[in-house]
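User: Hey, I've just opened this one and I'm new to it. Can you walk me through what's in there?

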Amino acid sequence: MANFERLTGALDGNPGLQRRATLAALSLTVLSGGQATTVKVGARITVAPGAASDAAFSLATTAANWAEFAKPVPAVGFQSLVGMQRMGHLKVAGDLVAYGRNLIFLEQLFAAVRPAAPAERHEPVGEPVIEPAIGRYLRLDLNGQPHRIYFEEAGEGIPLVCLHTAGADGRQYRALLNDDEITERFRVIVFDLPWHGKSSPPPGFEREAYKLTTDLYVDTVMAVCRALKLERPVVMGCSIGGRAVLHLALRHGDYFRAAIGLQSATHAEAGADTRLRDLGVLFRPDVHGQEAAAGTVACLISPTSPQSEKWETLWHYMQGGPAVFMGDLHYYFTEGDLRNGLLDGLDTRKCPLHLLTGEYDLSATPALTAELAKLVKATSFQVMEGLGHFPMSENPEQFRRYLLPVLDRIAG
């Protein structure tokens, strides 16, 4: 059974959460079966029996579901509030904008009902170290507009082009760029899509409403590969990048040595409750869109991923450009949907396709990737235990256990 009294100590020793709580300053009702509890948020957290008359919103599910959420390692779909809402396990009623405005804070707050995790140890750097990755800017014309695209690379050998997730940037692949076992055989190249990270939007962007499309995504990847004069590269992408590798294999299968899809599927599951999307919390003046972005994707991370890696992954989302994540989701949920028969033309003998999906992903789920693997006769497919939607950044050590055998197979 979940002990909501534990919430009263959530702010102790946590100045960051204390500041968030003071700014939130609201009441909410927690419904556990037939029992109501009021949680008042402010300089302190107070918990009292009964439903608050001034509650901004309520969070309702069964006592059994709250008990699952409160476990040290919850089952898939119970790892977060938004995750439970997405799966239909949690009902949210009331002011959805207030709820959306405080997503990331609420996830941190309610994590306090779980047993405290052991403190993570971080080894000191010692003598200063310069990492091997080199970052540069590539200037090129794309779709009739000049662009300035930032990329980083490390290593020698077979080019391995890595595509980041929606709304984020190439920092997600920093561990690969620093992995000697990989860079001994592969030239790892990671670039930020236009509008993302350190890549600039094109001139005149202030008059545009950014929307990523299949043509734009594929043309951008091919333009970068050709500008860098890459011969027979491998392409690896995650999330929207995992969808893009399918389009790239379809259109340019002769060019790529192989494709690796992380969290790949023909389409993405929007979840049981789409009201946060419908309200546009990712881009509206009364919500911090980037904090909301982090709040909506936190549910996709495995509960066993190291906290430091989890929060660095979320930090990338907090730093995104206004409406960029929303523009990427246009491709992910709508325009790039591959339930249209096109995949019948994907020849995995010509361009081998390897699929890796984290077990805790609630968007491109293992079941969806399994369907894709069967549909296209994927070269290989594996579900990654203890990983979620961002395997390369949320837990790089666990991810490499699954990636290295795939790279060995590609390198021959």
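User: How many salt bridges does a search of the whole structure find?
Analyst: The search turns up 21. Keep in mind that this is a predicted model.

User: Ok, take Glu309. Which residue does it form a salt bridge with?
Analyst: With Arg174, and the closest N and O atoms are 2.4 Å apart. The two sit in distant parts of the chain: Glu309 is in helix H12 and Arg174 is in helix H6 (residues 174–177), 135 residues apart.

User: Is Glu309 buried or exposed?
Analyst: Buried, because its relative accessibility is 17% and the cut-off for buried is under 20%. Arg174 counts as partly exposed, at 30%.

User: What about Asp408, which side chain does it meet in a salt bridge?
Analyst: The side chain of Arg185, at 2.8 Å from N to O. Asp408 belongs to helix H16 (residues 396–411), while Arg185 is in the loop between helix H7 (180–183) and strand E9 (186–191), so this pair ties together parts 223 residues apart in sequence. Asp408 is partly exposed at 39% relative accessibility, and Arg185 is partly exposed too, at 28%.

User: And what's the N to O distance for Asp337 and Arg339?
Analyst: 2.6 Å, in a salt bridge between their side chains. Asp337 counts as buried, with 17% relative accessibility, whereas Arg339 is exposed at 56%.

User: Which residues are linked in a network of salt bridges?
Analyst: Arg101, Arg284 and Asp286 are linked that way.

User: What lines the largest cavity?
Analyst: There are 23 lining residues, and those nearest the centre are Arg86, Arg277, Thr296, Leu329 and Phe333. Helices H3 (81–86), H10 (275–278), H11 (289–297) and H13 (324–335) each supply at least two residues of that lining. H13 has the largest share, with four residues.

User: How do the residues of that largest cavity's lining divide into nonpolar, polar and charged?
Analyst: It's 14 nonpolar, six polar and three charged.

User: And by class, what does the lining of the second largest cavity have?
Analyst: No nonpolar residues, four polar and four charged. Its lining is made up of Arg171, Gln172, Arg174, Glu309, Glu312, Thr313, His316 and Ser393. So you meet the salt bridge pair Glu309 and Arg174 again there. Helix H12 (residues 307–318) gives the most to this lining, with four residues.

User: How do the residues of the lining of the largest pocket divide by class?
Analyst: Into 19 nonpolar, nine polar and six charged.

User: What about the second largest pocket, which residues lie nearest its centre?
Analyst: Arg174, Ala175, Glu309, Pro396 and Glu397, out of 17 residues that line it. The space in that pocket is about 490 Å³. H6 and H16 each supply at least two lining residues, and H16 has the largest share, with four.

User: And how many charged residues are in the lining of that second largest pocket?
Analyst: Eight, alongside six nonpolar and three polar.

Note on methods. Residues numbered from 1 in each chain as written. Predicted model: local features only at pLDDT ≥ 70, side-chain atom pairs only at ≥ 80, totals over all residues. Heavy atoms only, no water. 1 Å grid on protein atoms, 1.4 Å probe; cavity = no way out; pocket = protein on both sides within 12 Å on 5 of 7 lines; lining within 4 Å. Nonpolar A, V, L, I, M, F, W, Y, C, P; charged D, E, K, R; others polar. Salt bridge = Lys/Arg side-chain N within 4 Å of Asp/Glu carboxyl O. Buried < 20%, exposed > 50% of the residue type's maximum accessible area, 1.4 Å probe, protein only. Points joined across faces, edges and corners; volume = space filled by probe spheres on them.
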